[in-house]
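Hi,

Here is the structure I promised to send over. Have a look, and then read on for my notes.

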Amino acid sequence: MPTILPKRHQRDIPLDKLILRDPPGAEAIEMDVVIVGAGPAGLSCAIELARLAKQDQEAGGGGSGLNVAVLEKAGSLGEHNLSGAVVNPRAFRELFPDIPLEELPFRQPVEAESVYLLTERRAQRIPTPPTMHNRSYYTASICEIVRWLGERAEGLGINLFAGFPVDGLLVEGNAVRGVRTTPSGLDRAGQPTGDYTEPTDLTARVTVVAEGTRGLLSQAYQQWQRIGSSNPQLFALGVKEVWQTKRPLDRVVHTLGWPLPTDAFGGSFMYPLGPDKIAIGLVVGLDYHQAGLDVHQLLQQMKLHRFFRRYLEGGQLLEWGAKTIPEGGYYSLPERRYGDGILMVGDAAGFVDVPSLKGIHYAMQSGIYAARAAFSALKSGAASASASALAPYDRMVNDSYIASDLYRTRNMRLAFKDGFFVGGAKAGLMTVTGGRFPGGKINVQDDASAPRAITPGRPFTPDNVLTFGKLDAVFKSGNATRDTIPSHLLVGKDISPEVADFYSHVCPAGVYERVGNELRVNPPNCVDCKATDVLGPRWTPREGGSGPKYRLM
Ligand SMILES: Cc1cc2nc3c(=O)[nH]c(=O)nc-3n(C[C@H](O)[C@H](O)[C@H](O)COP(=O)(O)OP(=O)(O)OC[C@H]3O[C@@H](n4cnc5c(N)ncnc54)[C@H](O)[C@@H]3O)c2cc1C
Ligand code: SF4
């Protein structure tokens with residue numbers, strides 16, 4: 001069967017635009033620490049830094065406090081964050097030891113949970129694999145978590161700048177010296193309009209890259225500094241919806257099997273968010289084999305299964321969104337997550353445990369460790385923190401439950417490269433042996449190097465009641481990006497009609513269309529999920545406040 005090799009059509013990362021060697025502008029804002037990304041990782045880092053600085057001052061440490069800025073590309077905090085989510089509260093407890101659990105930004109405790117194997121007509125309950133136990137955890141909306149963390153950070157004197165995407169890292173020699181933000185107010189041709197605002201430079205003694213999944217700056221930094229990893233990072237795409245429902249869900253539900261083909265890795269989740277709201281989503285590894293596979297459409301099809309339908313019927317779609325997840329695990333972690341003037345935390349460093357679908361507490365914990373390392377490094381008074389002064393960050397991560405949890409499940413996701421049934425059997429053995437089976441490391445290639453059989457997409461007509469097309473879905477993400485914005489997507493070479501079709505299926509937001517034999521691109525639709533950055537056209541930051549406006553994700 002003819003195939004597409006995604007890598008052949010993909011552009012290199014635009015390193016010259018991301019690693020900026022020109023000196024900071026004369027108007028540059030001087031900070032001690034700049035954090036890129038206001039997700040759980042970046043905000044936890046900011047909060048811990050503020051706490052340490054306060055403690056130090058109170059103890060007579062002589063410091064005059066720290067100037068910390070968090071830059072976020074979303075117009076308002078939380079609008080670009082999407083998760084499941086069932087949250088392990090461990091890192092919250094460490095960061096807020098004095099706040100009672102009931103006051104943390106969770107929706108409800110997990111009281112029951114079930115895992116099902118789906119076929120097209122049936123749902124067979126199976127024993128919950130040990131890695132998927134969620135008792136003593138809480139369901140939550142990450143948008144609400146981020147807004148809550150943002151309020152705590154602001155209360156501690158952190159400068160939060162929403163609507164300021166970072167375009168590149170300012171560097172000097174091998175050291176990172178700060179960041180440059182994107183300009184805004186450009187027209188489609190990239191020319192300034194009346195609303196034009198120049199980029200802003202912020203210099204920093206430490207820059208913390210907390211930009212989340214498939215981070216552009218972390219990719220650029222690792223490539224520039226030739227930081228490798230045992231395996232390349234792998235990604236999955238999650239498409240998620242939040243529904244207002246009439247029938248309450250009393251448990252956390254995961255399903256495996258249908259509607260995924262057996263050669264794809266993934267599954268669904270359905271979580272209660274209070275008595276009348278449900279989060280439902282489908283996550284699929286981006287190493288799937290068939291070019292016609294379309295995660296958004298599979299989720300729509302899945303909702304028509306009796307098992308889900310009985311909850312959704314009579315209800316209403318409130319919000320829709322999509323995001324990738326780094327799921328390579330332990331062997332895909334960068335061999336170092338620090339350098340001269342820089343630290344990488346959270347999803348940007350790949351701290352996600354896929355068998356348990358957990359990343360929030362690892363992101364927060366890594367942010368806390370980054371803050372501790374940065375604070376000690378800055379206390380010495382150096383103009384910029386050296387790599388050796390920041391190296392304790394990696395040691396803290398390596399000695400913590402972040403590394404030990406990921407090590408325990410180190411080969412599980414990789415086993416599914418052999419398909420659902422073989423992978424499932426191997427994963428079972430890995431669980432029983434605490435990760436020791438099969439010994440050593442399973443080697444994998446990156447997602448874009450996996451060939452795709454050219455298969456047609458499945459015909460799909462949304463009913464606009466339970467199922468929705470991509471354009472209606474994007475509307476439900478709150479995306480209202482102005483349609484005169486310049487394209488932020490870098491399309492590669494030799495885009496045949498089949499490749500155009502492939503991109504139209506990869507992208508959940510309908511950004512790519514095949515029109516005749518050509519690829520048509522609709523950049524304003526983009527919800528920054530980064531799936532095509534993994535398999536096709538590169539994503540770059542665009543004008544602040546563009547993209548989705550999630551409230552409940
Ligand atoms: C479908 C799905 C389900 C999941 N389910 C769960 C779950 O149930 N439990 C769990 O624990 N984890 C879950 N995860 C994983 C979890 O959501 C992530 O691990 C976690 O959000 C990572 O936090 P972070 O702060 O590193 O990144 P993010 O939460 O992604 O935050 C990064 C922030 O950086 C901003 N940013 C990015 N680039 C720039 C830039 N250039 N300039 C400025 N700002 C920028 C983004 O807008 C974003 O706000 C799930 C993930 C997905 C996609
Ligand atoms: S174009 Fe945007 S929305 Fe579509 S896959 Fe790429 S990043 Fe996601």
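Below are notes on the cavities and on one helix.

This is a predicted model, in which local features need pLDDT of at least 70 and side-chain atom pairs count only at pLDDT 80 or more, while totals for chains, interfaces and linings use all residues. Residues are numbered from 1 along each chain as its sequence is written, and side-chain values use heavy atoms, with hydrogens and water left out.

There are five cavities of 30 Å³ or more (on a 1 Å grid over the protein atoms alone, sets of points where a 1.4 Å probe fits but cannot get out; lining residues have an atom within 4 Å of a point).

C507, C526, C529, K530 and T532 lie nearest its centre, among 15 lining residues, and helix α16 (residues 531-535) gives the largest share, three residues.

Helix α4 (residues 142-155) reaches 20 Å from its first C-alpha to its last. Its buried residues (under 20% relative accessible area, 1.4 Å probe, protein chains only) include W148 and L149. After α4 comes G157, with a positive phi near 90°.

Best wishes

Methods
Chains lettered and ligands numbered in written order. 1 Å grid on protein atoms, 1.4 Å probe; cavity = no way out; pocket = protein on both sides within 12 Å on 5 of 7 lines; lining within 4 Å. Points joined across faces, edges and corners; volume = space filled by probe spheres on them. Helix = DSSP H or I, 4+ residues; strand = E, 2+ residues; numbered from the N terminus. Expected span 1.5 Å × (residues − 1). Buried < 20%, exposed > 50% of the residue type's maximum accessible area, 1.4 Å probe, protein only.
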